[in-house]
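Please read this report alongside the model.

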Amino acid sequence: MPLPLYLLALAVFAMGTSEFMLAGLLPEIARDLGVSLGAAGTLTSAFAVGMVIGAPLTAVLARGWSARSGLLLFVVVFLGAHVVGAVTTSFPVLLLSRLAAALANAGFLALALTSATAMVPADRKARALAVLLGGTTVATVAGVPGGALLGSLAGWRAAFWAVAALCVPAALGVLRGVPGGRAEPAPLRGEFRVLRAPRLVRVMVLAALVNAATFGAFTFLAPVVTGPAGLTAPWVSVALVLFGAGSFAGVTLAGRFADRHADRLLAVGGPLLLAGWLALAALAHRPAALLVLLLVQGALSFALGGTLIARILYEAAGAPALAGAYATAALNVGAVAGPLLAAPVLVRPTGPFLLSAGLVAAALAFAAVSGSRRGGPASTC
(Lines give C-alpha, C1' and ligand atoms only; values in the text may rest on other atoms or scores of the structure.)
Protein backbone atom coordinates (compact mmCIF):
# COMPACT_ATOMS: atom_id res chain seq x y z
CA MET A 1 0.00 0.00 0.00
CA PRO A 2 1.37 3.48 -0.87
CA LEU A 3 2.60 5.80 1.91
CA PRO A 4 0.06 8.60 1.19
CA LEU A 5 -2.69 6.12 2.03
CA TYR A 6 -1.35 5.80 5.58
CA LEU A 7 -1.13 9.58 5.88
CA LEU A 8 -4.82 9.79 5.01
CA ALA A 9 -5.46 7.16 7.68
CA LEU A 10 -3.74 9.42 10.23
CA ALA A 11 -6.22 12.19 9.51
CA VAL A 12 -9.10 9.72 9.64
CA PHE A 13 -7.80 8.65 13.07
CA ALA A 14 -8.11 12.23 14.37
CA MET A 15 -11.59 12.62 12.94
CA GLY A 16 -12.70 9.18 14.11
CA THR A 17 -11.54 9.99 17.63
CA SER A 18 -13.78 13.06 17.61
CA GLU A 19 -16.76 11.26 16.10
CA PHE A 20 -16.76 8.36 18.56
CA MET A 21 -15.31 9.84 21.76
CA LEU A 22 -18.63 11.39 22.81
CA ALA A 23 -19.84 7.89 23.73
CA GLY A 24 -17.68 8.17 26.85
CA LEU A 25 -18.19 11.90 27.47
CA LEU A 26 -21.95 12.38 27.14
CA PRO A 27 -22.82 12.09 30.86
CA GLU A 28 -20.22 14.74 31.83
CA ILE A 29 -21.20 17.08 28.97
CA ALA A 30 -24.86 16.78 29.98
CA ARG A 31 -24.07 17.67 33.61
CA ASP A 32 -21.70 20.53 32.75
CA LEU A 33 -24.02 22.22 30.24
CA GLY A 34 -27.25 21.49 32.12
CA VAL A 35 -29.01 19.31 29.54
CA SER A 36 -30.49 15.81 29.65
CA LEU A 37 -28.54 12.75 28.54
CA GLY A 38 -30.90 12.32 25.61
CA ALA A 39 -30.32 15.94 24.56
CA ALA A 40 -26.56 15.47 24.84
CA GLY A 41 -26.94 12.47 22.53
CA THR A 42 -28.07 14.86 19.79
CA LEU A 43 -24.43 15.97 19.56
CA THR A 44 -23.76 12.63 17.91
CA SER A 45 -26.78 13.02 15.66
CA ALA A 46 -25.78 16.59 14.73
CA PHE A 47 -22.37 15.34 13.70
CA ALA A 48 -23.95 12.64 11.57
CA VAL A 49 -26.43 15.11 10.02
CA GLY A 50 -23.47 17.26 9.02
CA MET A 51 -21.83 14.20 7.49
CA VAL A 52 -24.96 13.33 5.50
CA ILE A 53 -25.44 16.88 4.20
CA GLY A 54 -21.77 17.61 3.82
CA ALA A 55 -20.76 14.51 1.89
CA PRO A 56 -22.51 15.32 -1.42
CA LEU A 57 -22.33 19.10 -0.89
CA THR A 58 -18.59 19.27 -0.33
CA ALA A 59 -17.93 16.63 -3.01
CA VAL A 60 -19.71 18.83 -5.56
CA LEU A 61 -17.93 21.99 -4.37
CA ALA A 62 -14.53 20.28 -4.41
CA ARG A 63 -14.87 18.96 -7.97
CA GLY A 64 -11.79 20.01 -9.89
CA TRP A 65 -9.78 20.85 -6.77
CA SER A 66 -6.54 19.03 -6.18
CA ALA A 67 -6.86 16.28 -3.61
CA ARG A 68 -4.23 18.00 -1.47
CA SER A 69 -6.01 21.36 -1.41
CA GLY A 70 -9.40 19.90 -0.56
CA LEU A 71 -8.15 17.54 2.13
CA LEU A 72 -5.99 20.23 3.75
CA LEU A 73 -8.84 22.75 3.85
CA PHE A 74 -11.17 20.26 5.51
CA VAL A 75 -8.59 19.33 8.17
CA VAL A 76 -8.04 22.99 9.08
CA VAL A 77 -11.78 23.66 9.38
CA PHE A 78 -12.12 20.54 11.53
CA LEU A 79 -9.38 21.82 13.85
CA GLY A 80 -11.05 25.22 14.23
CA ALA A 81 -14.42 23.66 15.06
CA HIS A 82 -12.83 21.74 17.94
CA VAL A 83 -11.20 24.85 19.36
CA VAL A 84 -14.63 26.50 19.43
CA GLY A 85 -16.17 23.42 21.04
CA ALA A 86 -13.46 23.34 23.70
CA VAL A 87 -14.04 26.91 24.88
CA THR A 88 -17.81 27.36 24.64
CA THR A 89 -20.16 27.22 27.63
CA SER A 90 -23.28 27.13 25.43
CA PHE A 91 -24.85 23.84 24.37
CA PRO A 92 -26.28 25.36 21.13
CA VAL A 93 -22.81 26.66 20.19
CA LEU A 94 -21.32 23.26 20.94
CA LEU A 95 -24.00 21.70 18.75
CA LEU A 96 -23.17 24.08 15.89
CA SER A 97 -19.46 23.40 16.27
CA ARG A 98 -20.15 19.68 15.95
CA LEU A 99 -22.14 20.37 12.78
CA ALA A 100 -19.25 22.41 11.33
CA ALA A 101 -16.75 19.70 12.25
CA ALA A 102 -18.99 17.13 10.59
CA LEU A 103 -19.19 19.11 7.35
CA ALA A 104 -15.40 19.21 7.26
CA ASN A 105 -15.16 15.53 8.15
CA ALA A 106 -17.65 14.65 5.40
CA GLY A 107 -15.70 16.55 2.78
CA PHE A 108 -12.46 14.99 3.90
CA LEU A 109 -13.80 11.45 3.98
CA ALA A 110 -15.56 11.74 0.62
CA LEU A 111 -12.30 12.89 -0.99
CA ALA A 112 -10.21 10.38 0.96
CA LEU A 113 -12.35 7.39 -0.05
CA THR A 114 -12.00 8.12 -3.75
CA SER A 115 -8.34 9.14 -3.39
CA ALA A 116 -7.52 5.92 -1.54
CA THR A 117 -9.11 3.65 -4.13
CA ALA A 118 -7.42 5.60 -6.94
CA MET A 119 -4.03 4.77 -5.40
CA VAL A 120 -4.40 1.00 -5.91
CA PRO A 121 -5.42 -1.42 -8.69
CA ALA A 122 -9.16 -1.68 -9.38
CA ASP A 123 -9.47 -5.12 -7.73
CA ARG A 124 -7.90 -4.00 -4.43
CA LYS A 125 -10.38 -1.31 -3.37
CA ALA A 126 -11.42 -3.15 -0.22
CA ARG A 127 -7.80 -3.49 0.92
CA ALA A 128 -7.17 0.21 0.41
CA LEU A 129 -10.34 1.02 2.34
CA ALA A 130 -9.23 -1.29 5.15
CA VAL A 131 -6.08 0.83 5.59
CA LEU A 132 -8.04 4.08 5.44
CA LEU A 133 -10.82 2.94 7.77
CA GLY A 134 -8.17 1.44 10.03
CA GLY A 135 -7.72 5.04 11.18
CA THR A 136 -11.28 4.98 12.47
CA THR A 137 -10.92 1.63 14.19
CA VAL A 138 -7.60 2.60 15.79
CA ALA A 139 -9.45 5.67 17.05
CA THR A 140 -11.95 3.40 18.81
CA VAL A 141 -9.09 1.31 20.25
CA ALA A 142 -6.81 4.14 21.40
CA GLY A 143 -8.19 7.60 20.62
CA VAL A 144 -11.73 7.18 21.90
CA PRO A 145 -10.89 5.46 25.22
CA GLY A 146 -8.01 7.88 25.61
CA GLY A 147 -10.42 10.76 25.10
CA ALA A 148 -12.83 9.26 27.63
CA LEU A 149 -10.01 8.78 30.15
CA LEU A 150 -8.69 12.29 29.56
CA GLY A 151 -12.23 13.61 29.97
CA SER A 152 -12.65 11.80 33.28
CA LEU A 153 -9.31 13.14 34.57
CA ALA A 154 -9.24 16.67 33.15
CA GLY A 155 -12.79 17.33 31.93
CA TRP A 156 -14.45 16.79 28.58
CA ARG A 157 -12.99 20.01 27.17
CA ALA A 158 -9.49 18.54 27.40
CA ALA A 159 -10.59 15.80 25.01
CA PHE A 160 -11.66 18.44 22.48
CA TRP A 161 -8.29 20.19 22.78
CA ALA A 162 -6.53 16.86 22.24
CA VAL A 163 -8.42 16.26 18.99
CA ALA A 164 -7.52 19.76 17.80
CA ALA A 165 -3.85 18.98 18.51
CA LEU A 166 -4.09 15.72 16.53
CA CYS A 167 -5.18 17.69 13.47
CA VAL A 168 -1.80 19.45 13.24
CA PRO A 169 0.31 16.40 12.25
CA ALA A 170 -2.60 15.17 10.15
CA ALA A 171 -2.57 18.42 8.16
CA LEU A 172 1.20 18.21 7.73
CA GLY A 173 0.84 14.63 6.52
CA VAL A 174 -1.72 15.65 3.90
CA LEU A 175 0.42 18.59 2.81
CA ARG A 176 3.55 16.48 2.36
CA GLY A 177 2.12 13.17 1.21
CA VAL A 178 -0.91 13.76 -1.02
CA PRO A 179 -0.48 14.67 -4.71
CA GLY A 180 -1.40 18.24 -5.65
CA GLY A 181 -2.52 17.84 -9.28
CA ARG A 182 -5.96 19.11 -10.27
CA ALA A 183 -8.62 16.75 -11.62
CA GLU A 184 -10.86 17.38 -14.62
CA PRO A 185 -14.44 17.45 -13.21
CA ALA A 186 -16.89 14.95 -14.70
CA PRO A 187 -20.41 16.10 -15.73
CA LEU A 188 -22.65 16.22 -12.67
CA ARG A 189 -25.68 14.83 -14.51
CA GLY A 190 -23.91 11.56 -15.16
CA GLU A 191 -22.65 11.38 -11.57
CA PHE A 192 -26.17 11.80 -10.16
CA ARG A 193 -27.64 9.36 -12.68
CA VAL A 194 -25.60 6.58 -11.06
CA LEU A 195 -27.56 7.11 -7.83
CA ARG A 196 -30.69 5.74 -9.52
CA ALA A 197 -29.12 2.31 -10.04
CA PRO A 198 -31.13 -0.25 -8.01
CA ARG A 199 -28.05 -2.23 -6.96
CA LEU A 200 -26.38 0.89 -5.57
CA VAL A 201 -29.52 2.00 -3.72
CA ARG A 202 -29.88 -1.48 -2.22
CA VAL A 203 -26.36 -1.50 -0.79
CA MET A 204 -26.70 2.06 0.52
CA VAL A 205 -29.90 1.15 2.39
CA LEU A 206 -28.19 -1.88 3.93
CA ALA A 207 -25.19 0.24 4.97
CA ALA A 208 -27.49 2.79 6.60
CA LEU A 209 -29.38 0.13 8.59
CA VAL A 210 -26.25 -1.64 9.81
CA ASN A 211 -24.61 1.64 10.82
CA ALA A 212 -27.77 2.79 12.60
CA ALA A 213 -27.56 -0.37 14.69
CA THR A 214 -23.90 0.29 15.48
CA PHE A 215 -24.39 3.93 16.48
CA GLY A 216 -27.63 3.31 18.31
CA ALA A 217 -25.86 0.95 20.70
CA PHE A 218 -22.41 2.57 20.77
CA THR A 219 -23.59 6.11 21.55
CA PHE A 220 -25.25 5.04 24.81
CA LEU A 221 -22.73 2.41 25.87
CA ALA A 222 -21.52 4.30 28.95
CA PRO A 223 -24.89 4.14 30.80
CA VAL A 224 -24.97 0.35 30.29
CA VAL A 225 -21.44 -0.17 31.63
CA THR A 226 -22.07 1.92 34.75
CA GLY A 227 -25.72 0.82 35.10
CA PRO A 228 -26.81 -2.80 34.54
CA ALA A 229 -23.22 -4.09 34.49
CA GLY A 230 -22.48 -2.34 37.81
CA LEU A 231 -18.98 -1.24 36.76
CA THR A 232 -17.24 2.02 37.67
CA ALA A 233 -16.62 4.88 35.22
CA PRO A 234 -13.05 3.83 34.23
CA TRP A 235 -14.51 0.59 32.84
CA VAL A 236 -16.19 2.66 30.12
CA SER A 237 -12.74 3.10 28.58
CA VAL A 238 -12.12 -0.63 28.80
CA ALA A 239 -15.43 -1.34 27.04
CA LEU A 240 -14.57 1.15 24.30
CA VAL A 241 -11.13 -0.42 23.83
CA LEU A 242 -12.68 -3.86 23.42
CA PHE A 243 -15.25 -2.61 20.93
CA GLY A 244 -12.49 -0.80 19.06
CA ALA A 245 -10.20 -3.82 19.00
CA GLY A 246 -13.04 -5.84 17.54
CA SER A 247 -13.75 -3.15 14.95
CA PHE A 248 -10.10 -3.14 13.85
CA ALA A 249 -10.23 -6.91 13.41
CA GLY A 250 -13.50 -6.59 11.48
CA VAL A 251 -12.18 -3.94 9.08
CA THR A 252 -9.03 -6.01 8.51
CA LEU A 253 -11.15 -9.05 7.71
CA ALA A 254 -13.28 -7.03 5.29
CA GLY A 255 -10.15 -5.70 3.59
CA ARG A 256 -8.80 -9.19 3.04
CA PHE A 257 -11.95 -10.84 1.70
CA ALA A 258 -14.53 -8.22 0.62
CA ASP A 259 -13.13 -7.70 -2.88
CA ARG A 260 -13.95 -11.30 -3.86
CA HIS A 261 -16.22 -12.74 -1.15
CA ALA A 262 -18.53 -9.87 -0.17
CA ASP A 263 -21.76 -11.88 -0.46
CA ARG A 264 -20.41 -14.66 1.73
CA LEU A 265 -19.20 -12.21 4.39
CA LEU A 266 -22.56 -10.46 4.49
CA ALA A 267 -24.65 -13.63 4.44
CA VAL A 268 -22.76 -15.11 7.42
CA GLY A 269 -22.09 -11.90 9.33
CA GLY A 270 -25.62 -10.46 9.21
CA PRO A 271 -27.37 -13.18 11.26
CA LEU A 272 -24.43 -13.32 13.68
CA LEU A 273 -24.65 -9.56 14.22
CA LEU A 274 -28.37 -9.87 14.99
CA ALA A 275 -27.74 -12.66 17.49
CA GLY A 276 -24.99 -10.64 19.15
CA TRP A 277 -27.18 -7.59 19.83
CA LEU A 278 -29.86 -9.81 21.33
CA ALA A 279 -27.25 -11.52 23.51
CA LEU A 280 -25.96 -8.16 24.73
CA ALA A 281 -29.46 -7.09 25.70
CA ALA A 282 -29.95 -10.30 27.68
CA LEU A 283 -26.52 -10.46 29.32
CA ALA A 284 -25.64 -6.78 29.93
CA HIS A 285 -25.93 -7.32 33.70
CA ARG A 286 -23.03 -9.79 33.56
CA PRO A 287 -19.80 -7.77 33.17
CA ALA A 288 -17.68 -10.59 31.71
CA ALA A 289 -20.30 -11.44 29.08
CA LEU A 290 -20.84 -7.75 28.26
CA LEU A 291 -17.14 -7.12 27.63
CA VAL A 292 -16.65 -10.24 25.48
CA LEU A 293 -19.74 -9.51 23.42
CA LEU A 294 -18.64 -5.91 22.82
CA LEU A 295 -15.43 -7.25 21.29
CA VAL A 296 -17.42 -9.60 19.04
CA GLN A 297 -19.97 -6.98 18.05
CA GLY A 298 -17.26 -4.49 17.17
CA ALA A 299 -15.74 -7.04 14.80
CA LEU A 300 -19.06 -7.98 13.19
CA SER A 301 -20.33 -4.41 12.88
CA PHE A 302 -17.23 -3.12 11.15
CA ALA A 303 -16.70 -6.21 9.01
CA LEU A 304 -20.18 -5.72 7.57
CA GLY A 305 -19.82 -1.94 7.43
CA GLY A 306 -16.45 -2.10 5.68
CA THR A 307 -17.73 -4.63 3.19
CA LEU A 308 -20.77 -2.49 2.38
CA ILE A 309 -18.59 0.60 1.85
CA ALA A 310 -16.48 -1.35 -0.63
CA ARG A 311 -19.62 -2.53 -2.43
CA ILE A 312 -20.94 1.04 -2.66
CA LEU A 313 -17.70 2.18 -4.29
CA TYR A 314 -17.79 -0.71 -6.75
CA GLU A 315 -21.43 -0.02 -7.66
CA ALA A 316 -20.76 3.74 -7.95
CA ALA A 317 -17.70 3.37 -10.17
CA GLY A 318 -19.47 5.46 -12.80
CA ALA A 319 -19.50 8.46 -10.43
CA PRO A 320 -15.81 9.05 -9.63
CA ALA A 321 -16.35 12.43 -7.95
CA LEU A 322 -19.41 11.47 -5.88
CA ALA A 323 -18.80 7.77 -5.12
CA GLY A 324 -17.11 8.59 -1.82
CA ALA A 325 -19.91 11.02 -0.99
CA TYR A 326 -22.52 8.31 -1.60
CA ALA A 327 -20.72 5.94 0.75
CA THR A 328 -20.25 8.63 3.41
CA ALA A 329 -23.88 9.76 3.20
CA ALA A 330 -25.24 6.20 3.44
CA LEU A 331 -23.25 5.41 6.55
CA ASN A 332 -24.18 8.66 8.25
CA VAL A 333 -27.88 8.39 7.51
CA GLY A 334 -27.56 5.42 9.81
CA ALA A 335 -25.47 7.37 12.28
CA VAL A 336 -28.21 10.03 12.45
CA ALA A 337 -31.04 7.56 12.84
CA GLY A 338 -29.37 5.26 15.37
CA PRO A 339 -28.97 7.66 18.33
CA LEU A 340 -32.30 9.40 17.60
CA LEU A 341 -34.12 6.08 17.68
CA ALA A 342 -32.17 4.87 20.72
CA ALA A 343 -32.76 7.94 22.92
CA PRO A 344 -36.47 7.20 23.55
CA VAL A 345 -35.74 3.61 24.62
CA LEU A 346 -33.19 4.69 27.26
CA VAL A 347 -35.90 4.19 29.89
CA ARG A 348 -34.47 0.69 29.76
CA PRO A 349 -30.65 0.84 29.73
CA THR A 350 -30.39 -2.14 27.37
CA GLY A 351 -33.07 -0.69 25.07
CA PRO A 352 -30.48 0.48 22.49
CA PHE A 353 -29.22 -3.10 22.13
CA LEU A 354 -32.73 -4.33 21.38
CA LEU A 355 -33.19 -1.48 18.93
CA SER A 356 -29.95 -2.46 17.19
CA ALA A 357 -31.18 -6.02 16.90
CA GLY A 358 -34.39 -4.75 15.29
CA LEU A 359 -32.43 -2.64 12.79
CA VAL A 360 -30.24 -5.57 11.76
CA ALA A 361 -33.36 -7.74 11.42
CA ALA A 362 -34.81 -5.07 9.13
CA ALA A 363 -31.62 -5.14 7.06
CA LEU A 364 -31.82 -8.92 6.73
CA ALA A 365 -35.46 -8.73 5.68
CA PHE A 366 -34.76 -5.98 3.15
CA ALA A 367 -31.82 -7.93 1.73
CA ALA A 368 -33.94 -11.05 1.36
CA VAL A 369 -36.79 -9.24 -0.38
CA SER A 370 -34.67 -7.04 -2.65
CA GLY A 371 -32.30 -9.90 -3.41
CA SER A 372 -35.10 -12.19 -4.51
CA ARG A 373 -36.62 -9.44 -6.67
CA ARG A 374 -33.41 -8.95 -8.60
CA GLY A 375 -32.75 -12.66 -8.83
CA GLY A 376 -29.79 -12.55 -6.43
CA PRO A 377 -29.10 -14.58 -3.28
CA ALA A 378 -31.93 -13.89 -0.86
CA SER A 379 -29.78 -14.61 2.16
CA THR A 380 -27.28 -11.81 1.54
CA CYS A 381 -27.33 -9.00 4.09
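## Basis of the model

The model is predicted, so to speak of local features a pLDDT of at least 70 is needed, side-chain atom pairs count only at pLDDT 80 or more, and totals for chains, interfaces and linings use all residues. Residues are numbered from 1 along each chain as its sequence is written, and side-chain values use heavy atoms, with hydrogens and water left out.

## Overall fold

The chain has 13 helices and zero strands. Helices here are DSSP runs of H or I with at least four residues, strands are runs of E with at least two, and both are numbered from the N terminus. In sequence order the pattern reads α-α-α-α-α-α-α-α-α-α-α-α-α. The radius of gyration is 19 Å, close to the 21 Å that the globule rule gives for 381 residues, so the chain is as compact as a globular protein of that length. That radius is taken over C-alpha atoms, and the globule rule is 2.2 Å times the number of residues to the power 0.38.

Along the principal axes, the C-alpha atoms fill a box of roughly 55 × 50 × 30 Å. Of the 381 residues, 55% count as buried. Buried means under 20% relative accessible area, exposed means over 50%, and partly exposed lies in between, with a 1.4 Å probe and protein chains only. The areas come from the Shrake-Rupley method with a 1.4 Å probe, and for residues only the protein chains shown count as cover.

## Surface patches

Patches are made of residues with over 30% relative accessible area and no salt bridge; like charges are joined within 9 Å, and nonpolar side chains (Val, Leu, Ile, Met, Phe, Trp, Tyr) within 5 Å. A nonpolar patch on the surface consists of Val49, Ile53, Leu57, Leu61 and Leu103, which together have about 410 Å² of accessible area. Helix H2 (residues 37-61) gives the most to this patch, with four residues. Leu103 sits in helix H4 (residues 91-118) and is partly exposed, at a relative accessible area of 31%.

## Salt bridges

Side chains of opposite charge can pair when their charged atoms come close. A salt bridge is a side-chain nitrogen of Lys or Arg within 4 Å of a carboxyl oxygen of Asp or Glu. The whole structure holds three salt bridges. One of them joins the side chains of Arg157 and Asp32, at 3.4 Å from N to O. Arg157 lies in helix H6 (residues 156-177) and Asp32 in helix H1 (residues 3-33), so the pair ties together parts that are 125 residues apart in sequence. Arg157 is partly exposed, with a relative accessible area of 22%, and Asp32 is partly exposed at 42%.

Glu315 pairs with Arg199, and their closest N and O atoms are 3.2 Å apart. Because Glu315 is in helix H11 (residues 287-315) and Arg199 in helix H8 (residues 198-218), this bridge ties together parts that are 116 residues apart in sequence. Glu315 is partly exposed at 21% relative accessibility, and Arg199 is partly exposed at 42%. Glu315 also meets Arg311 in a salt bridge, at 3.9 Å from N to O. Arg311 and Glu315 both lie in helix H11, four residues apart, about one turn of the helix. Shared partners join Arg199, Arg311 and Glu315 into one network of salt bridges.

Which helix holds Gly334? Gly334 is in helix H12 (residues 323-342), and at 1% relative accessibility it counts as buried. Gly334 and Ala207 are 127 residues apart in sequence and 7.5 Å apart in space, C-alpha to C-alpha.

Gly276 is placed in helix H10 and counts as buried at 7% relative accessibility. Between the C-alpha atoms of Gly276 and Val138 the separation is 22 Å, and the two residues are 138 residues apart along the chain.
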